[in-house]
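Thanks for making time this morning. I would like to walk you through one model, taking a few places in turn, so please have the viewer open.

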Amino acid sequence: MSHLPSEPEFEQAYKELAATLEDSTLFQEHPEYRTALKVVSIPERIIQFRVVWEDDKGNLQVNRGYRVQYNSALGPYKGGLRFHPSVNLSILKFLGFEQIFKNALTGLSMGGGKGGADFDPKGKSDSEIRRFCEAFMRRLCQHIGAETDVPAGDIGVGGREVGYLFGAYRKERNKWEGVLTGKGLAWGGSLIRPEATGYGLIYYVEHMLAHAGKGSFKGKRVAISGSGNVAQYAALKAIELGATVVSLSDSKGALIADGEAYFTPEHINEIAAIKLDRKPLTEFNAKSQFKYIEGARPWVHVGKVDIALPCATQNEVSKDEAETLVKNGALFVAEGSNMGCTQEAIDVFEAVRKEKGGAEAIWYAPGKASNAGGVAVSGLEMAQNSSRLSWTREEVDERLKQIMKNIFDQSLGTAKKYVKAKDGELPSLVAGGNIAGFLKVVQAMHDQGDWW
C-alpha cells in the first residue's frame with residue numbers, strides 16, 4: 001500500500017487484527033481467509049464533503065465532513081459521528097474497521113461505518129452547533145437511511161447534536177424514521193442507551209472476573225480514564241457493584257483520589273454536569289479530596305489498582321503505562337474507548353498473560369468486545385423503531401447483559417478453538433474477539449459473493 005497516503009491509526013487497527021489472525025491457526029485451517037482479509041479491509045464506499053455554516057458573528061466557516069460506509073454484509077452501515085478537530089480519514093477508517101467486527105459480535109443485524117467532521121464543538125454556542133449540525137446533515141442525508149446507514153453519537157456528538165441532526169434529516173427528507181440512534185426518549189430513543197457503553201463494559205468485566213476466579217467488583221480498586229458518557233456510567237455501575245473508583249480524566253489532565261478518598265455517585269453527577277457545559281475537570285468542586293495532575297493520564301499516578309478501564313480515546317495507554325499497571329498489580333484491563341491501548345501496551349499485557357498463565361496474569365479485553373454495549377443498545381433502539389414500540393428499562397438492561405455475556409462467551413470459545421495455549425492459561429480475549437467477529441463478517445460476505 002506504499003502508493004497510498006500514510007494512515008497511522010487505520011494501519012494500527014488493521015495490523016492488530018491481521019497479527020491475531022496470523023498468530024492463530026485460522027489461516028492454516030482456512031488459507032482462503034487471507035483473500036477475505038484483503039477485501040474486508042477496503043471500505044465499500046467513502047463519502048467526503050464540505051460543510052459550510054455561519055458563526056454567531058455572521059462569518060462563513062467551512063469544515064470537512066465524512067462518512068466511511070465500511071461493510072454492509074450483516075446489515076445497514078452502523079457507527080457513530082465524531083465532531084473533533086483531529087478527525088481525518090485515517091481515524092474514521094480505523095473506527096469504521098473496528099466497528100464492523102464489534103457490530104458482528106453483538107449478534108444483531110448491523111454492518112459497520114463511521115463518520116464525522118473536523119468541527120470543534122468546544123467554545124461554540126448552541127446556535128452555532130445547531131447551524132453546523134443542520135449544514136452537515138443537509139449533505140449527509142443523501143447517503144443514509146434506516147435501511148441503508150444509521151449513524152449515532154461519538155466524541156463531540158451527544159443527545160443535543162443527535163436531536164439537531166435528526167430534525168434536519170426529517171425536514172430534508174420528509175421522513176420520520178430510525179435514521180439515527182441515541183435519540184431522545186420522546187422521539188424514538190431507547191432507555192439505557194446513554195448508559196449502555198459504560199454499563200456494558202462493566203458487565204463484560206464481571207464475566208472476566210468470574211472466569212478468572214477473582215470474585216466480583218466488590219472491594220476492587222478501579223482506575224478509569226475519561227470523564228464523558230462512557231467513563232461516567234462505567235464509574236456509576238462499578239460503584240453500585242461495590243468497587244472503589246480512584247480516577248477520572250479529560251484532555252487537560254487527570255483527577256486522582258488522594259489517600260483513602262474515592263469517587264462517589266454525587267461526584268460523578270457533578271462531573272457529568274461540568275462536562276455537559278463543556279468545561280474542564282478543573283471546575284470540579286471537591287478537589288480537596290483529589291489531586292489534579294495537569295497534562296497527565298491516570299495510569300502511573302493511581303498506585304495499586306485491580307482493574308484499569310481506559311474510557312477516553314484511542315492510544316491512551318502506552319507501553320510504559322502498561323508496564324506500570326502490571327508492576328502495580330492490575331489484573332484486568334478492558335477498553336471502554338476504541339483502541340484505547342497502543343499495540344506496544346497490548347503486547348505487554350499479552351506477554352504477561354502468557355508468562356504467568358492463570359491466577360496472577362493480567363487479562364486484557366479489546367474495545368471491539370468490551371465496549372460493544374453502546375452499539376448493541378443502538379441495535380435494540382433500531383428494533384424498537386422498526387416495530388414502533390418502546391421497551392422497559394429492565395427489558396433493555398436484561399438484553400444488554402445477555403449480549404455482553406454472549407460476546408464474552410464467543411471471544412472465549414473462539415480463542416480456545418484457534419489459539420494454542422498452555423494448561424491453565426487465560427485465553428486471549430483480543431484474539432478471540434478479533435477472530436469471532438472476522439469469521440462472522442467474511443462468511444456472510446462469501447455467501448453474498450463479495451469474495452470467492
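Predicted model: local features only at pLDDT ≥ 70, side-chain atom pairs only at ≥ 80, totals over all residues.

Let me begin with a question: is G58 buried, partly exposed or exposed? Residues are numbered from 1 along each chain as its sequence is written, and side-chain values use heavy atoms, with hydrogens and water left out.

G58 has a relative accessible area of 44% and is therefore partly exposed, given that buried means under 20%, exposed means over 50% and partly exposed is in between, with a 1.4 Å probe and protein chains only. You will find G58 in the loop between strand 1 (45-54) and strand 2 (60-71), where helices (H or I, at least four residues) and strands (E, at least two) are DSSP runs, numbered from the N terminus. From G58 to R221 there are 163 residues in sequence and, C-alpha to C-alpha, 51 Å in space.

Setting aside neighbours within four places in sequence, D306 has contacts (heavy atoms within 4.5 Å) with G219, K220, R221, A330, L331 and F332.

T197, in helix 7 (residues 196-211), is also buried, with a relative accessible area of 11%. Its side chain reaches the backbone nitrogen of G374 at 3.5 Å, and, neighbours within four places in sequence aside, T197 is in contact with V230, G336, N371, G373 and G374.

Now to helix packing. Helix 1 (residues 8-23) and helix 15 (residues 429-447) pack at about 95°, their axes 9 Å apart; axes here are lines fitted to C-alpha atoms over the stretch in contact, and angles run from 0 to 180 degrees between N-to-C directions. The two helices are therefore roughly perpendicular, a term that covers 65 to 115 degrees. On helix 1 the contact is made by E16, L17, T20 and L21, and on helix 15 by V430, A431, N434, I435 and F438. Buried residues of helix 1 include E16, L17, T20 and L21.

Key:
Parallel < 35°, antiparallel > 145°, perpendicular 65-115°, else oblique. Polar contact = N/O pair within 3.5 Å; in protein donor to acceptor, adjacent residues only side chain to side chain.
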